Amino acid sequence: MSDIATNGGAKPEAEELVEIEEILQHLEDISFVAHRDTKEALPAIRPFGATSARRWIETARDLFFHDRESGKSFMRHSARLAEHMQTVELWLEQAARFKEWVNSNYALEGFMAQADRVYDAWGEAGEREWAEIGLRWCARSLPDARAYFETDFEKLAGGRGIDGLRALIEPAETLFDERGLTLDAYLEGAPIARNLVGDQGLLSWARRGADLLKAGRSRGEAYFRLESDESLKLLLEALPGFRPRMHGRFLRLVLMAWLDADIPLADSSWKPGEGRPMLETDGRRLFMPAVMDSREEAIVATQHAAAHLAFDTYAHSEVERLFARAGAEHPPLDDKSRITWRPLFAPFEARMFRFQVLFDLAEDLRVNARLAPRIPNFLPRLVALAEVHGRPEGVAGVYFDFALKAHQALLRDEPQDPRLARVLEPDADVVTAWAVGEELFADEAFPEITIEDRAEAYLPGLSLNQSLPVYPQRKRDGSLADFRDHEAHDEHKFEHQKQEEQPQQAPEQAQKDPDADIQTPQQETSGTGGRIGTGIPQPAQVAKRAAPYTPKKDGIPYPEWDYREQRYISDWVNLYERVLDDEDPERAATILSENADTLKRLTRGLEMQRPMRLAPLRKQLDGDELDTEAVIDYIADKKAGLSPKAFIYRRRAVQHRDTAVLMLADMSTSIMARHPGGQGKIVDRVREGMMLFAEAIEKVGDPYAISGFASKQRDQVNYYWLKDFNEDLNDTVRARIAGVSGRLASRMGAGIRHSLEAFRRSSAQRRLLLILSDGRPADYDDGGDQRYLHEDTRMAMKEAVDAGVHPFCITLDPSGSEYLPAIFGPGHYTIIDHVDELPRRLPEIYLRLRQ
Amino acid sequence: MKNLINRIRGVERDVIEKPGDAGGAPFYKPQGDEIEIFQAAYSKRLPVMLKGPTGCGKTRFLEHVAHTLGQPLVTVSCHEDLTSSDLVGRFLLEGEETVWQDGPLTRSVKEGAICYLDEIVEARTDTTVVIHPLTDHRRQLPLDKKSQIIDAHEDFMLVISYNPGYQTVLKDLKPSTKQRFVGIHFDYPAEDVEREIVAKESGGLDADRVEKLVAAGRKARALKDHGLEEATSTRALAYAGELMQAGLSPRVACRAAMIAPITDDPELIQALEEIFDAHFPESEAA
């Protein structure tokens, strides 16, 4: 109580008391609520002295006059703050500063609601800094300040006190100034992101988000909410552990070898910060979390999941028996003909999770025991993993230990718990496991378990068996051989289809479906059982999925180089092969007739360039035929007393050095412009150039292709084939070339990478990639950072060289010499100053290059 | 003189030589009725085509039956530069004049031997045409360069091997060629047969290891066509067994004999290692 203000405002006590009464009076005249709240709070303030009390009531009044809501917040929280913090002046001064801004009431409310807890946790200095940071945000933007004060300070600090808070907010401050990043967007995901990428990675993570936010609001916000796959990807790449996605083929090969089962793998909807990553299945695919603890765990998990499929955990007939046993009927299949076991769990009500764990335990043991003879090291590996993992803390440990012990006994052929022994019998099935689960459930030695602890109760590699609705399986009795027939798919890749399909439903529809939210493995399924039965459908809360940003995922993925982090971001760009349907046969005819002279001149020069075919190799040491001339020489030499070597054979072989060329044209909007140095639009010259190029190379006889690219952000790069290698130069191709027009932006790296794929199909020894461009590579989402796509293009060039492709850039950009040497290297580009020369120069450049 | 000495020492022998009695016939464990079919075909001198994946025992089979029949066996491994003159023969210069030298096929035709053209599709297409007249009732070998036709010796027999699936569309025998042969299909032997073979070939590897090795090899075969062009062959299993016998640890032996030779694909290597390692725990020393 000694905290009497020492500032200049102190007056004799009586005077202060009078003033307080005056203000109270004043408030009473103005507002009943204000007067009442003030009177209620005042007794808690008075013990700190008359001066403090007077200053408090002045602040309350001023805040109330400034903004009624602010005043009310202030009054409402004051008593508590005073009591908890045992001081008044500190927060009073801070609160008073909110008067500087209009509409700061929400921020003030957040401040008042948390200040005492911050003070408790971090002391006075900590509280001061916390408030100071927030007040600085008030000066920047009030919605951001509100987000700051309303977010729980512990969450901001991430358990690291004021340092954690500082580290979290600093990048936002930098980016607010640099890119106008708002804090309320940033705070959505930053605390989770920080846990994954660390303080150092946070800035670059946020910068990318800020770029996206600039390009499109909903997309940027989805990024920060960690809903878009781009942000998840970046975060996941920073996570330690084994990435099933990168090893999808390996995992599938392993399953194929052991179980003769070709089971597709897909991404699960697991996100960082959502608890333990577990593998799930819908009976057709295995959904792998983005990261698992180790390679060993991923192998065990896939094998175990396959065992569930092979040994009929999800067989339709078995599930029906379960329902029959429970005296219930299976609810109708959902719209995708999937079954669910949920109604079976409903009778367990609040103790449902406890039963689930015990049932899974029995069922997992059953299928593992069946799998063990097929895969010799499966059990040893599982047990070793679990032993290294160690007993989890809390109640989950009891279950974990029980499961581990059962598996150890199985491995070492020791006696089992008699209850579990039943699932090891040869005729045991999922119904047996259910019965065993019920028996274990009756054992009070297993403590109650909550949904939060549930995941920890499982051994590594094992997971919840009923998290997803499942496509009913036929009974397999251990054979998965027919699995490969199930759906046609690309065996080398993870399926692009993501697990989350549900959010695309209309909201009303989602509410009608009782299992609408069933796809979230660890959702808040309230323990009362109300939501779980098939009884009255209740509104399903599809959490946090109001307006999800659904990334396009059906294209061809390519990586991109990020120079800021000096690494590739895998599958970053989505590329689509498109057909250019703007054909213009009339213009094609015009172009050909207008350029007839040039073409004739070219043709004459080209006749000389025809490649030689099937040239006989003469004077060989070995061959099909005697080379008569060589033989005569040889005999003559020999007769003359020399000892010539017997190079006397002739052999036929194809000798010409074949060159394949692909011309890749930048088809961005800029080619629609007029070029300062010539007549007409750039695109006119590009069309003519391509046309002459095609006609000329046709004469030479080299395999060639012509394509173009245009992009709209990283997830939509369009690649247009004007002429593929195996296509003939016909009128359709000519009409396509004549129909070229400019659109969108130029993400050159992706275009180059896709061209390299095309080259892979060609067997030519020399491969030439001619890039026709009119400016820098740029795209809408590069955040104005020119260097980003420059560096990416440079890396794509390097990849081209590594793939044995010789890249060469022809540009119409007069300022090309500023950046082209860095990207393509000196001597690997040429600048055409006069756009009108392009048509004539293009074939010439090619012919020069091919020599 | 030197040649004669070498011949006596057994270092060098003529292509066409009747099998000696020393050591008996090479080990071969029949998988089915292949021996009966071959003997029947031989009795009628019909050309035979051995089909089957690499390393499943085609060549060994032929060595075995040739030995039991007491017939010399001439094996020509075909490669993409093999021309018809390599089979039939060519003119060579010797001193002042040109001399004709018979190729292995011509010699077999003349002297009566089983001529085995291994992986015939690998050879240039002109070679397959040369064998046509030999494979029907004519049993003749035309020597265009010498303007001669040679009638085959009555003991002559033509055998080719052919590995289906291994060829690309571009490299396949013409149907007109294929239909001239009697086909015998081979595959990797059944598990117990394969165990016996590996035990025998490796020179007495203990039964436990043989069992594991064969079990692992059969699992590895499941990966064929998923990036693995050639499956783990019985031959490779036998090699691995021999390496273990020679003192290598099972894991090292498997890697050396069955993974390293067949693939460079890192994921496939991992998957194969996963299979072999599962059968041979790390604790198991050499």
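Biologist: H21(A): how many of the twelve residues are buried?

Modeller: Ten of the twelve, so H21(A) is largely enclosed by the rest of the structure. Buried means under 20% relative accessible area, exposed means over 50%, and partly exposed lies in between (1.4 Å probe, protein chains only). Before we go on: this is a predicted model, where local features need pLDDT of at least 70, side-chain atom pairs count only at pLDDT 80 or more, and totals for chains, interfaces and linings use all residues. Residues are numbered from 1 along each chain as its sequence is written, chains are lettered from A and ligands numbered from 1 in the order in which they are written, and side-chain values use heavy atoms, with hydrogens and water left out.

Biologist: Which residues in H21(A) are buried?

Modeller: Among them are A:Val430, A:Trp434, A:Leu440 and A:Phe441.

Biologist: And what covers the buried residues of H21(A)?

Modeller: The cover includes helices H15 (316–325), H16 (342–345), H17 (352–371), H19 (396–412) and H20 (418–421) of chain A. Helices (H or I, at least four residues) and strands (E, at least two) are DSSP runs, numbered from the N terminus.

Biologist: What sits at the start of H21(A)?

Modeller: A:Asp429. One of its side-chain oxygens reaches to within 3.0 Å of the backbone nitrogen of A:Val431.

Biologist: How far apart are the end C-alpha atoms of H21(A)?

Modeller: They are 16 Å apart, which agrees with the 16 Å that twelve residues should span at 1.5 Å a residue. The expected span is 1.5 Å times one less than the number of residues.

Biologist: You listed H17(A) as cover. Is H17(A) itself mostly covered or mostly open?

Modeller: Mostly covered, with 18 of its 20 residues buried. H17(A) reaches 28 Å from first C-alpha to last, close to the 28 Å expected.

Biologist: Next, H27(A). How many of its 19 residues are buried?

Modeller: 16 of them, so H27(A) is largely enclosed by the rest of the structure.

Biologist: What follows H27(A)?

Modeller: A:Gly701, with a positive phi near 95°.

Biologist: Changing topic. Where is A:Tyr846?

Modeller: In helix H32 (residues 838–849) of chain A. A:Tyr846 is buried, at 1% relative accessible area.

Biologist: What is A:Tyr846 in contact with, leaving aside neighbours within four places in sequence?

Modeller: A:Thr659, A:Val661, A:Phe693, A:Ile697, A:Asp702, A:Leu768 and A:Leu770. Contact means heavy atoms within 4.5 Å. The side chains of A:Tyr846 and A:Asp702 also make a polar contact of 2.6 Å. A polar contact is a pair of N or O atoms within 3.5 Å; within protein, one must be able to donate a hydrogen and the other to accept it, and residues adjacent in sequence count only if both atoms are side-chain atoms.

Biologist: And A:Arg476, buried or exposed?

Modeller: Buried, at 9% relative accessibility. A:Arg476 lies in the loop between H22 (451–454) and H23 (507–512) of chain A. Its side chain is joined to that of A:Gln473 by a polar contact of 3.0 Å.

Biologist: Now the interface. How many residues of chain A are in contact with chain B?

Modeller: 26 residues of chain A are in contact with 24 of chain B. The two chains bury about 2100 Å² between them, 53% of it on carbon and sulfur atoms. Buried area is the accessible area (1.4 Å probe) that two parts lose on being put together, summed over both.

Biologist: How many salt bridges cross the interface of chain A and chain B?

Modeller: Three, by the rule: a side-chain nitrogen of Lys or Arg within 4 Å of a carboxyl oxygen of Asp or Glu. A:Arg249 forms a salt bridge with B:Asp265, the closest N and O atoms being 2.6 Å apart.

Biologist: Which elements of chain A give two or more residues to the side that touches chain B?

Modeller: H13 (248–259), H14 (295–310) and H26 (628–639) of chain A. H13(A) supplies the largest share, seven residues.
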